[in-house]
Amino acid sequence: MSIGGTTETETSKIADLVLVGGKVRTPTHPSGFAQAAAISGGVITAVGADEQIRDHVGPRTRVVNLRGRLAIPAFGDAHIHPVQGGLESLRCNLTGMRTRQEYLDAIAAYCAALPGDAWVLGGGWSMPGFPGGTPTAADLDTVTGGRPAFLPNRDHHSAWVNTAALTLAGITERSEDPVDGRIERDHAGVPTGALHEGAMHMVGNLVPAAGGEELTRGLLAAQQHLHSLGITNVQDALVGVAGGLGMPDVFGTYLRADADGQLTLRVTGSLWWDRFRGLGQIADLLTRREAAGIANRFRATTVKLMLDGVCETFTAAMGAPYLDGHGHPTDHAGSLFIDPAELSEAAAQLSGLGFQMHFHAIGDLAITVALDTLATLPAARRVSGRHHIAHLQFISPPDLDRFARLGVVANFQPLWACEDDQNTELTMPFVGPERAAWQYRIGAVLRRGARVAFGSDWPVSSADPLQEMHVAVNRVLSARLGEPGTPETTTPLLPDEAITVDAAIDAFTRGVAYVNHEEDAAGALAPGMLADVAVLDQDLYAIPAAEIGSTSVQLTIAAGQVVHGDE
Ligand SMILES: [Zn+2]
């Protein structure tokens, strides 16, 4: 059969989209790079020299001239909370501002368009903008017009609240601090408007839950934001009802967006393991996995098991006690959130049912328990599950070898591997020098042959893979994110743990594809693979490592569709 004079084979060679005149990262060429690529039906059909790919151009083919720029596989993110991040970006978004006046102006502008009875929600402020690092209710009262306000800071460890919120929560000078948090007070003991850690819940629990429509808007805002950062596939680290964490259940949000054809992001959902419900919840997890299906852009094939808390609040489960800040051991080492016996029974059943397990483990004890749990599974099931442990702040030396040996994926959030205040002031004094040197040992795990996948934990920290890669390679924050001249931008954290640019790209591309069981379909630019591409304004393979963080994504393609940037 012929169409307009061309044979069928020639027609099928005609591409929807071609990228020419660039530097295309590909495993199919010995140099690692080609000039051009052809895309058809959402899939890469050819990679090669410009003149070879020009053969694929027909009258309707869209031709993108890369003008020498680098094209790499689009990024993934192996641990992220997209809907939560999107919601925050739609609300009063204080990210990136620096002074008290900037914050107050932004909140006033936001309130001007807000109904009189609505909560003032959002957040993203950072401590250096305020005297002593803490903002006040009195300041906030001047711009919120009587509405209650709840504004978590950039790292979500503190919240700025106003008088209306303190009143609603019944927080007065007579209120005691909760065991896991602190109410900021003046010299007379009167609350001043900042709540730290567990004390945040005293107001956070009163915030009305977001409705379905708002959640959908949050998801779509997140999707656009992630595409603008070159991201096309993620693992949502928490789908379900997580009591106390204040996270909405986003399962239905994904299902609806997928059914409505609104998802261009591919999402693997980690279904929340409720530690108070025991093994009886497995039936519900199966129902959800089935409801999501496996053929769509949203799948729910993973279970999230949160084994401990975070070091800054002494809730990470450590093998030895925390120190008191003067170097003396306390009687407290954190504790496991899930009893090891229940965990091992859950792991046996979940892996037998074909679920992947995604562990949250920060303290060295929690990491050991996760590895011990996985070690009891039959080897074949261990590998086929692509089970992964996220965060991995303190890996004790004997555990370094076990990731490679057991086939467990190390899921790091590399942006945290720097000497920021959180680390030097809230972590290192309380763990001591030996354990401080166990932090985020990405290089050591990689050198031992383990698979590494990267994720952001957005909105806890930036979702920008280039900022995260900057830290993975340099072990300091880039000038775009850090305060210039501070230790976080000048003093590398454990420089031996730095990795190469190529290894960092790999962790964000093939590494995430592997975790999401997609490595045969995504994570590399080669014929037959999904056309997920990110085009960058700087060549990461040519610029000095110190400039990685000044790179931006100019074009993002998801399954052959341009989803960010316009050529
Ligand atoms: Zn998380």
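Predicted model: local features only at pLDDT ≥ 70, side-chain atom pairs only at ≥ 80, totals over all residues.
Along the chain, the donors of the zinc ion follow the spacing H-x1-H-x375-D.

**Zinc site**
- The protein donors are His79 through NE2, His81 through NE2 and Asp457 through OD.
- These donors lie 2.1 to 2.2 Å from the zinc ion.
- His79 and Asp457 are both buried.

**Cysteines**
- If you are looking for disulfides, the structure holds zero.
- Cys92 is in no disulfide, and its nearest cysteine sulfur belongs to Cys111, 6.6 Å away.
- Cys92 counts as buried because its relative accessibility is 2%.
- Cys111 is buried too, with a relative accessible area of 4%.

**A four-stranded sheet**
- Here you will find an open sheet of four strands in the order S7-S6-S3-S8, with mixed pairing.
- Strand S7 (43-48) and strand S8 (62-65) form the edges, each pairing on one side only.
- On average, neighbouring strands of this sheet are turned by 15° against each other, direction ignored.
- Within the sheet order, S6 stands next to S3; strand S3 (residues 17-20) and strand S6 (residues 36-40) pair in the antiparallel sense over three bridges.
- Val18 stands opposite Ala38 in S6.

Notes
Residues numbered from 1 in each chain as written. Heavy atoms only, no water. Donors = N, O, S within 2.8 Å, 3.2 Å for Na, K, Ca; no water. Buried < 20%, exposed > 50% of the residue type's maximum accessible area, 1.4 Å probe, protein only. Disulfide = S-S within 2.5 Å. Pairing = 2+ DSSP bridges. Helix = DSSP H or I, 4+ residues; strand = E, 2+ residues; numbered from the N terminus. Axes fitted to C-alpha atoms, helices over the stretch in contact; angles between N-to-C directions.
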